[in-house]
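Subject: Structure handover

Hi,

Here is the structure I said I would pass on. Please open it alongside this note.

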Amino acid sequence: MFKFLGHKLLNKKWLNACLLLGIILLVAVASCNPMFKNGALDMMLSSKFDAAIENNNRYSCMIGRTGSVATEDFADTDSLKEKIVSYEKMWNEYLDIDAMENQLYMAMEGTFAVSNLGNRKYFDIVYMEDMEKHMDITYGEGMDASVSDGTYPCIISQKYLDTYNLVVGEVLTFDDITDASKKPLSCTIVGVFQENDSSDIYWYDTINDLEKRIFVSKDNFNEILEKYNALTIYYNDYQMLDYAQMTHSNAMDTLYYLNEFQNADGHFVQNFSDVIIDYIGDAKTIKIIIWVLELPVIVLLLAFIYMVSSQILEMEDGEIAMLKSRGTSTKQILGIYLGESAILSIIAMAIGIPIGYLLCKLAASSKSFLQFGIRDTHFYGFDIGMLVYSLAAAVVAILFITLPVFKYAKNSIVEVKSRNGKANTKPFWEKFFIDIILVAVSIYLLYNYNKQKPSIAMSILSGSRPDPLIFLNSSLFIFAVGLLILRLIKYMIKFIYFIGRKKWSPAVYASFLQITRTVKKQGFISVFLVMTIAMGMFNSNMARTINENKTERLEYDMGTDLIVQEHWPMGIYMDKEKKTHWYYTEEDFERYSKLVDAGLCNSVARVIYDDEATIKIGGTELSDCLMLGINTKDFGNTAELKSGLNEKHWFHYLNDMATVSNGVIISSNLAEKYKLAVGDSISYARYSPISGETPEEIASPSGTICAIVDAWPGFNQFTYSKNSDGKVEEKERYLVVANYAYAVGAFGQTPYQVWMNVADGVDYQDIIKNLEDQGIRLTAKTSLVNNITKMQESPLVLITNGLFSLTFIIAVILCTVGFLIYWITSIKQRELLFGIYRAMGMSMKEINKMLINEQMFSSVLASIAGYGVGAAATILFVKLVAVVYLPESHNIGISIVVNPLDIIKLTVVVLLMFIVCFIVLRTILKKMNITQALKLGED
Amino acid sequence: MDMNMIQARDIKRCFMLGSGEPFYALKGINIDVPASKLTILKGRSGSGKTTLLNILSALDEPSEGDIMIEDRAYSAMSESQREELRRYEIGFIFQSVALIPIMNAYENVDFGLRLAKYEGNRDQRIKEVLSMVGLAARMYHMPNQMSGGEQQRVAIARAVAHKPKVIFADEPTGALDTASGLNVMKLFKDLVNKEGITIVMTTHDPNLMELGDVVYEIEDGEIIG
């Protein structure tokens, strides 16, 4: 049996190879899904933890316990630790994540201490486990130092030594902590310490957090506990979990246990359930989008498999009928095809899964549409789900191959002989106008979604998952219009045939009849062509639009290539009335100007950037406005603004302001709101950097409006924040730009951002390094390149680029192979027919003409229509789908981006396909011997 | 007097076997096909009669020897001239699936006329020849909606429609039952007698032999009678 099936498969090796290719790709795409999804989820989870750590300035995967115990229950640190460890054990039993570090802190209830130098301060006496390993003594000795006089050695952080003006050697006496003989506790400061690595995750509570503490050794802490009258020990136990071990598979469980622990234990603390909740929300979107983006290509693959399988069956229907007439049952025939497809599917799984793995790695390295880079793809690894998905794909493939067998296996040889006569019945969809109905449905959906666009954007901003129909509707449209076009082409051919029916040459006559009489078969490849080309175009335009618009917005939001902010120490003094004053001294700007001389930057500019400024117009005050202080010339050279956003080139506005010292440029939304015009005055205020109960205004200079702009480098008119209900709200923001010198005059020296226009080919990190090597302490640095890379790596963009690229590549492969297969088999099937044509005296030239004509009216026309459908789908759907990716309102509206290179690539592939196909067909026909071909008719 | 339409002289046709040895399907055949007569090539299958018919009809070329049609030698003709010969002066009837499956009876005949650049009223001629073969009523039927005999009659109509000088028929009755076969033969006789067409056909059916004006018997690539 096996031998028979093998022989049968080899008999039609080319068609079966195509079938195999189809199943391999299907398996690959299916097995790609879980790997890609889980990889994307893990990557997203990991980046959410990274972001949380950056935002919170604290390790953000911590669980622990804080509480207090009575000293009478726990005599020493070890017994307390035993209790704490019992909790840790319980957590670790449920959570499958290792702790990387542990910060255990125990403190005796604090009290005021008086030092021998007259300082009176409040201190806790603290023991921290393993503290010695994570700190350096910067001055003096460690807490094991021996001191006389019955005092205990303790150490203190550098920061609080400075803050409290303490000195090493100072003795602190705690009057309220006494031993049995009522003698108060005394500690001598023996050393000053600092963390030995500021990024050490041990310091969950940082030294800054551990204000008002002195630290003693474990032995001394125990001794003090034993001898003195402290009643309570406070403790914090923090476990720093390895969030790299947190994955899509255990995130839900982890969240569940965190809640359980919290409910069961009021002292339990953790700081990352928000991260997981946020992740779970986004994960829904990722899962949906991966499916939605893969679905069209899966449908295309199934259609391909069905097409090839039908082609094989058609060629074998005589064989099937013969088997039937010799008494083989339908079941047995089905068995043969089931066996064949099972063999193919097993081979396909063996090849498809590794290919799926590679495709996934490729997709994960995508930078943009059809652009792949070297990227860390370690999140994407083999997943057990791949086996399940590929098995499912194989089963579906087998179904698609064997189901049409029913149709053939039912027929006897007599019915086969008369089948061709019935091949002219209209296909189902054509008879019931399914194409027109589907086009109408898709347009209706589009109309509805377009109406709801603002609310869709807001719901996506609030974290809801996008409606998959928004995506699928475009595929539906392409498919439905593909069918409609097929109908129209058929009408057109009939019409053309009709108008010249008396005069057509034999070749044209035969080709027209060929097309109209085999429309069912031709229709399939035509729709396939329309869909592939239209989808290829739509996907490329979609991906380009998302990438370009995202990049453009990032460019706009930053306004230049690199922005850094240096730490300026603040000077403080008190005047006679005990009022605190502050001042800044400008750091040397030369160090930045030198970057231009060194060829690292094209230009640099000082920019006072304050997004908490207030604009005052008449009696009204608008808070949280953006105020920029700029040197017009430097700013013009350094900042960049896309053209076309303002009425005039933005340099005009800079020039307008340059000549008026108190001149300001304001945003048009402000001008509209308060009916302001050039020449009017407004005031703008900034606030003191020292935070008090209420912000204190530094000054509120008045400015003359020199220009009103719609867009400005670094100014985004819209901000989003969550309101008390957790709903995202859009808020309008206003801009005022002033001359730098005038702003300094009004507000005093102000720490500014340095904007840099980076020279071509220079890595921004070299600039940062250059600055840091000069000893500049940067408190903030933002790089456009870095932002763009981050955007490209963000899961949503990555999966979209990756899958659109994959889909495109697969569609092109399918289209080429499908097209060739269709034509080759169709020629092979028609060999006898060509023999008759040749015998009747048709020349090769005429046969070629006939084939060209046939291709013109079926394939070429369908391809051209494919471009039309792709363009229509782009115009109709891209802006809607882009809302899922770019839901925020922005000064730069979403604009459709078409990369002609993609279209050219696609066209080259299509043209190559036609040329190769034609050459192959010609070769087959040339080799064909008339007498040989005619013999085919004799069996 | 009898004029010869086709004269074949010393025709040999050699095929290379898989073993590399030459095999002579025709071993030096001399044959005269008289004009306006029904010539029958008789022989068992494998005798070489179809090979001979293909060569006589300019579908295949002999390895040696030459054929003259009305004093024109095939060897002196180019490929395209031979195509024109087949197109304008010859009609073909093949053993089984002789019709173009995507065209109905009417269109099959029309196609032949278009190929032969028929000068007159095509529509009228099509109806005429289809009536002649008794299929006027089934004009718009597709080949697969017709019986084998009907199909063969359409093929005959197509072969004669453009008024060729010679019709070649390879086992025209091979796939038909006796009655249909005789029907076809009767049509051939009528064409020869009434329209003066020359017909060359092959058959292995001894019963049809007596209907031929000239009969050649072929065995192992040689004329034996």
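Predicted model: local features only at pLDDT ≥ 70, side-chain atom pairs only at ≥ 80, totals over all residues.

Chain B overall

Chain B has 225 residues, and 50% of them count as buried. Its secondary structure comes to six helices and ten strands. The C-alpha trace spans about 50 × 45 × 35 Å along its principal axes. The radius of gyration of chain B is 17 Å, and a compact globule of 225 residues would have one near 17 Å, so the two agree. I also looked at contacts in chain B with a separation of 6 or more. Of these, 71% are between residues 24 or more positions apart.

The sheet

Six strands of chain B make up an open sheet with mixed pairing. The order is E6-E7-E8-E3-E9-E10. Strand E6 (90-93) and strand E10 (222-223) of chain B stand at the edges. Each has a single partner strand, so one side of each is left without a neighbour in the sheet.

Inside the sheet, strand E3 (residues 38-42) and strand E9 (residues 214-219) of chain B run parallel. Four bridges join them. Ile40(B) has Val215(B) as its bridge partner in E9(B).

One residue to look at: Thr203(B)

Thr203(B) belongs to strand E8 (residues 198-203) of chain B. Is Thr203(B) buried or exposed? Buried: there are 24 other C-beta atoms within 10 Å of Thr203(B), and the cut-off for buried is 20 or more.

Which residues does Thr203(B) touch, leaving out those up to four places away in sequence? They are Ile40(B), Lys42(B), Glu171(B), Thr173(B) and Leu208(B).

For a distance check, take Asp123(B). Thr203(B) and Asp123(B) are 80 residues apart in sequence. C-alpha to C-alpha, they are 33 Å apart in space.

The A/B contact

25 residues of chain A are in contact with 25 residues of chain B. On the chain A side, four helices each supply at least two residues: H11 (419-422), H16 (506-517), H26 (831-839) and H29 (930-936). H16(A) gives the most, with six residues. By class, this side of chain A has twelve nonpolar, ten polar and three charged residues.

Over to you.

Definitions and conventions. Residues numbered from 1 in each chain as written. Chains lettered and ligands numbered in written order. Contact = placed C-beta atoms within 7 Å. Nonpolar A, V, L, I, M, F, W, Y, C, P; charged D, E, K, R; others polar. Rg over C-alpha atoms; globule rule 2.2 N^0.38 Å. Buried ≥ 20, exposed ≤ 12 C-beta atoms within 10 Å, placed from the backbone. Pairing = 2+ DSSP bridges.
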